[in-house]
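Please read them alongside the sequence and the coordinates.

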Amino acid sequence: MAEDRKKLSWREIDKLKDQSGLAKIRRKREKKEGLEDHFLDENKKKSYLKELEKLFQGKISKEKEEALKKLYQSAGKKDFKKLALEFIERFGIPDNVPALLLFLDSKEKELVLKAIEFIKDNFSLFSKDDLQALIAKLKTLRYTITDPVVSFRLEKVLKELPL
């Protein structure tokens, strides 16, 4: 009976549409674009890779966590500079924002300069929220810093950053 009809039913028309070459090409393109969009954003990619690095560090991260805890506990105390310099010697400048903010809050010229340089060099690795916090702190620091060398370097970095 279906063969007697010259016109196709709506169901048959829909099946043909779903199986057409254009529909297959469209589905492939949509799949491909979905995957590309995820990896196009460089900040997402860098933060993802950074998280992977943290995952595979293992033993070192435990030592680093302990050192960071000591650093946070000594904030504003006399031994902060000593602990901060020891931390930098063992692990380098911390890459997390709260620790960087501690370095920027310290009155130690050496620590502030190292933190400013680290922020400048790794600007693209921070998330949008972290960048807002760091930039706000740097702009506040511009008005509160008394050392002319730090002030000059801070102004220069603020002009260089893509704000």
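1. The second largest pocket holds about 150 Å³ of space. A pocket here is an open set of points on a 1 Å grid over the protein atoms alone, where a 1.4 Å probe fits, with protein on both sides within 12 Å along at least five of seven lines. Grid points are joined across faces, edges and corners, and the volume is the space filled by probe spheres set on the points.

2. The model is predicted: local features need pLDDT of at least 70 and side-chain atom pairs count only at pLDDT 80 or more, while totals for chains, interfaces and linings use all residues. Residues are numbered from 1 along each chain as its sequence is written, and side-chain values use heavy atoms, with hydrogens and water left out.

3. The lining of the second largest pocket consists of Glu63, Glu66, Ala67, Lys70, Leu83, Glu86, Phe87, Arg90 and Phe91; a lining residue has an atom within 4 Å of a point. Helices α4 and α5 (80-91) each supply at least two of the lining residues, and α5 gives the most, with five. By class, the lining has four nonpolar residues, no polar ones and five charged ones (nonpolar: Ala, Val, Leu, Ile, Met, Phe, Trp, Tyr, Cys and Pro; charged: Asp, Glu, Lys and Arg; polar: the others, Gly among them).

4. Lys64 sits in helix α4, residues 59-73. Is Lys64 buried or exposed? Lys64 is buried, because its relative accessible area is 17% (buried is under 20%, exposed over 50%, partly exposed in between, with a 1.4 Å probe and protein chains only). Beyond its neighbours within four places in sequence, Lys64 is in contact with Phe87, Phe91 and Asp95, contact meaning heavy atoms within 4.5 Å. Two residues named there, Phe87 and Phe91, also line the second largest pocket.

5. Lys114 belongs to helix α7, residues 109-121. At a relative accessible area of 31%, Lys114 is partly exposed. Its contacts outside the four neighbouring places in sequence are Ile88 and Ile93. Ile93 lies 21 residues from Lys114 in sequence, with 7.4 Å between the C-alpha atoms.

6. Overall, the protein has nine helices and zero strands (DSSP runs numbered from the N terminus: helices H or I of at least four residues, strands E of at least two). Buried residues are 26% of the 163 in the protein. Of the contacts with a separation of 6 or more, 54% join residues 24 or more positions apart.
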